[in-house]
Amino acid sequence: MLEARGLTKRYGPFLALDRVDFHLRRGEILGYLGPNGSGKSTTVNLVVGLIEPTAGSLWLDGRPVSDDPIAYRRRIGYVPEEPHLYTHLTATEYLMLVGRLRGLGEQTLIEKVPALLRLLLLWDSHYATMTAYSKGMRQRVLLAAALLHNPDLLVLDEPFSGLDVTAGLLFRTLLQLFAANDRMVLFSTHRFDIVQQLCSRVLILARGRIAAQHEVASFRDAAMPSLEDVFVRATGQDDFTPVARQILDVMQLV
Amino acid sequence: MTARAEPGEDPRAFRTLTSHFLHALFDFGILSEAAADSFKRLLVSSIGAFVATGLFLTRVYAGRYEALRGGASPEPYRRAVLGDDLLLIGLPMLLVAFVTLLISDSLFPDERDFRILGPLPVRRTTVFAAKLAALLIFTASFIVIVHLALVPLKLLTSFSRWSPHSVVWRLITWIIAGGAASTFAVLAIAALVGTLVLVLSRSRLQSLTAIMRSAAFAVLVVSVPFVFRLPTLGAAVANGSTWLTFVPPVWFLGLERTLVGDANPWFARLATIAVAVAAVAVGSVAIAYAVLFRHFERLILRATKAPRGFRTEGARARVRLPPPFRAVYQFTAATLRRSQLHQGVLVGISACGAGLVINRLAGVNAGWLLAGGAAHAALTGAALWMPFVLMCACGVALRAALALPMEYRANWIFRLTEADATRLDQLCGVERLVAIYVVGVPVAISSPLLWLALGSNAAIAVPVVVLIGFVFVHAVLLHWRRIPFTCSYLPGKRFLAHTLVLATIAYSLFTIIAVALVRTAMSDARRAVIIIAALAIVAAVLRRRRRAVWTVTPLMFEDELPEYPLQLQL
């Protein structure tokens with residue numbers, strides 16, 4: 001189980017994350033929702049170890065991550081929000097690079113990389129550098145890179161952006177099977193529909209704090225408020241009509 | 001140049017796009033906002049450097065022309081002017097060619113322009129016209145600046161009682177011929193790039209353009225010493241040496257002389273060549289633009305083909321090396337192979353070393369083979385000096401190329417996988433590459449000459465050179481804590497003059513001491529053993545120390561300013 005205990009991150013005077021507590025059980029896909037600037041990306045960066053918390057800690061299977069951060073990082077796979085890749089490399093070269101940085105042997109990589117590229121429908125373009133790839137193709141390369149070392153925990157930051165319908169469906173099924181295999185998925189997104197289809201639990205973040213958390217199953221009960229209602233209430237963004245009107249007014253300025 | 005707006009197109013579109021393309025000429029995609037500002041400052045200071053160089057050359061030539069003015073006959077003046085006029089045409093040509101090569105990625109509208117501007121209500125004519133206008137503005141400004149910097153020297157060469165032409169007329173004809181020569185340099189490179197864009201498939205375009213650019217860059221750098229030798233060609237020009245018809249600046253000198261009123265048929269023939277090659281270059285660029293304009297979608301969006309003989313990297317990966325070592329080594333090699341910018345920096349600076357070597361070798365009389373004596377001593381000196389000059393140039397070039405970032409934000413994968421246990425292997429990948437390029441390449445290039453000049457003594461000289469190279473690797477990797485291309489970059493961190501002075505002192509000391517060591521080793525077998533043993537120990541100790549530091553020091557992903565002497569501990 002992954003646990004965040006009082007996770008806090010401060011950038012100078014700005015408090016990006018304020019004493020956030022959550023846990024992610026094995027077999028679970030945890031949705032992490034929040035408006036822009038709520039601290040989602042900060043949480044993701046803390047969880048994958050790209051930044052250090054100002055206060056608080058992360059625990060994995062009852063041990064603080066700070067005891068052995070390298071061992072922890074070996075157990076996570078990460079798909080960032082923006083497809084930042086070395087696009088002058090081919091997909092094969094990039095996956096070989098990631099695999100070697102993760103310490104995988106050559107023979108393993110020679111078997112795994114082409115197999116993953118074929119399954120993720122990238123094989124036809126495997127000889128081309130990724131400069132020619134669409135955003136969806138780059139997302140698939142990133143997913144392959146995240147899965148290459150057989151991680152325990154997948155941290156996904158908007159992984160569905162740019163994906164076509166087929167790849168989206170494949171991703172969804174893949175994540176469900178991955179989690180069902182006693183592993184964990186932290187899923188940061190803006191999309192309610194995907195959270196409802198995929199996640200078992202959802203955390204809603206607002207202004208750097210956990211504003212609400214719910215079992216996703218509860219939203220299937222027609223008598224209960226929808227995820228969207230809960231989100232709007234939790235984040236304090238209850239009426240967008242005035243803003244929408246203002247946008248239309250500005251649009252019509254000559 | 002203006003483009004008429006189509007109905008529905010913003011009349012300011014042309015101006016806006018021209019301004020955008022002008023700014024984009026310097027968008028290398030590697031600089032952060034702070035670094036871009038720093039780069040702009042560097043550009044402005046380089047204009048100052050041109051002006052200063054022009055004034056410096058004038059100062060250098062002042063004494064010479066004073067003497068020529070007082071001479072008894074006009075012939076020495078005539079020959080000196082021919083040579084110096086050649087320099088005044090060749091130098092701007094070279095500088096303009098350098099800058100055009102630097103921006104050669106932006107010479108034609110590309111896929112990015114197509115994708116971004118395609119959905120906007122802007123005609124293709126406007127896009128092409130704006131691109132061309134931006135190029136014209138930039139190249140014309142640069143040509144003007146370079147020529148302005150050389151005006152004092154031109155005036156100096158023109159004020160003489162032996163000059164048969166008026167100063168103003170000489171100045172005007174020089175501006176016409178020099179401008180034409182520099183424009184030809186721009187067009188020649190544009191024609192080359194245009195041809196590649198039209199002919200190559202997308203998959204090959206990137207790599208072949210990178211190779212073409214690096215090769216052209218190397219040729220330009222190697223030609224620097226030749227350009228500075230142009231003033232010595234006055235007599236050859238006056239005599240109409242046939243081989244000069246293969247030297248581009250000479251064509252435009254012919255044009256200048258013809259315009260100024262020189263009736264010599266040799267100059268008329270050169271002028272004809274100048275006009276013909278300029279027409280061919282203009283025609284080629286016009287055709288490239290026209291074809292690209294008519295078939296833009298087809299040419300830019302053509303399918304990517306599998307390169308012939310393509311193999312996945314995995315198929316080649318058989319060597320037993322630690323995976324992190326292989327990761328960094330392959331990543332670095334692939335980036336240097338494909339990135340035009342990094343390859344350009346590497347080849348360009350390395351070619352400076354090659355230029356210095358060629359310049360020195362050109363001064364050695366090859367008659368030593370028959371005569372022996374002094375010429376042989378000169379060749380021995382050049383042969384001993386050569387590997388160390390190449391080491392210096394290759395070292396600076398490789399370090400500069402590795403320090404420039406590539407897709408900076410993609411470095412998260414290196415940050416995420418950094419560990420004390422694997423860092424050493426990763427940095428050893430860099431060390432291996434540095435050793436190959438900074439020691440292996442110079443030694444391989446220099447060895448034949450060393451054997452030719454030193455005979456059996458080369459058996460002692462080569463190991464000493466190799467060991468000195470391994471010690472020098474430590475200088476190249478001093479304070480190095482980066483995975484290549486993953487750290488941000490701040491250009492112009494130190495005062496340029498300060499860096500140049502330090503580099504010159506370091507270079508002089510290194511080459512003098514290194515050559516002295518080789519000479520001493522060759523003088524006596526016992527000394528050779530002591531020197532080889534001492535160098536081997538020093539190289540091993542430095543290597544061990546470097547590796548120990550790498551094991552405990554974290555990698556660097558953010559470039560830092562050198563030091564902050566103004567920080568006060570209050």
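Helices here are DSSP runs of H or I at least four residues long, numbered from the N terminus. The model is predicted, so local features need pLDDT of at least 70 and side-chain atom pairs count only at pLDDT 80 or more, while totals for chains, interfaces and linings use all residues. Residues are numbered from 1 along each chain as its sequence is written, chains are lettered from A in the order in which they are written, and side-chain values use heavy atoms, with hydrogens and water left out.

Helix 6 of chain B (residues 167–199) is a handy place to start, as it gives the largest share, 4 residues, of a nonpolar surface patch. V168(B), W169(B), I172(B), I176(B) and L259(B) make up this patch of about 430 Å². Patch members have over 30% relative accessible area and no salt bridge, with nonpolar side chains (Val, Leu, Ile, Met, Phe, Trp, Tyr) joined within 5 Å; areas come from the Shrake-Rupley method with a 1.4 Å probe, and only the protein chains shown count as cover for residues. W169(B), which sits in helix 6 of chain B, counts as partly exposed because its relative accessibility is 38%; buried means under 20%, exposed over 50%, and partly exposed in between.

A191(B) belongs to helix 6 of chain B too, but here the label is buried, because its relative accessibility is 11%. Leaving aside neighbours within four places in sequence, A191(B) is in contact (heavy atoms within 4.5 Å) with A281(B), S284(B) and V285(B).

As for the interface, 34 residues of chain A are in contact with 37 residues of chain B. The two chains bury about 3300 Å² between them, with 65% of that from carbon and sulfur atoms; buried area is the accessible area (1.4 Å probe) that two parts lose on being put together, summed over both. Y86(A), R100(A) and L101(A) supply 23% of what chain A buries against chain B, more than any other three residues. Chains A and B also share 2 salt bridges (a side-chain nitrogen of Lys or Arg within 4 Å of a carboxyl oxygen of Asp or Glu). E93(A) and R338(B) meet in a salt bridge at 2.7 Å, N to O.

Notes:
Patch = residues over 30% accessible without salt bridge, like charges linked within 9 Å, V, L, I, M, F, W, Y side chains within 5 Å. Helix = DSSP H or I, 4+ residues; strand = E, 2+ residues; numbered from the N terminus. Buried < 20%, exposed > 50% of the residue type's maximum accessible area, 1.4 Å probe, protein only.
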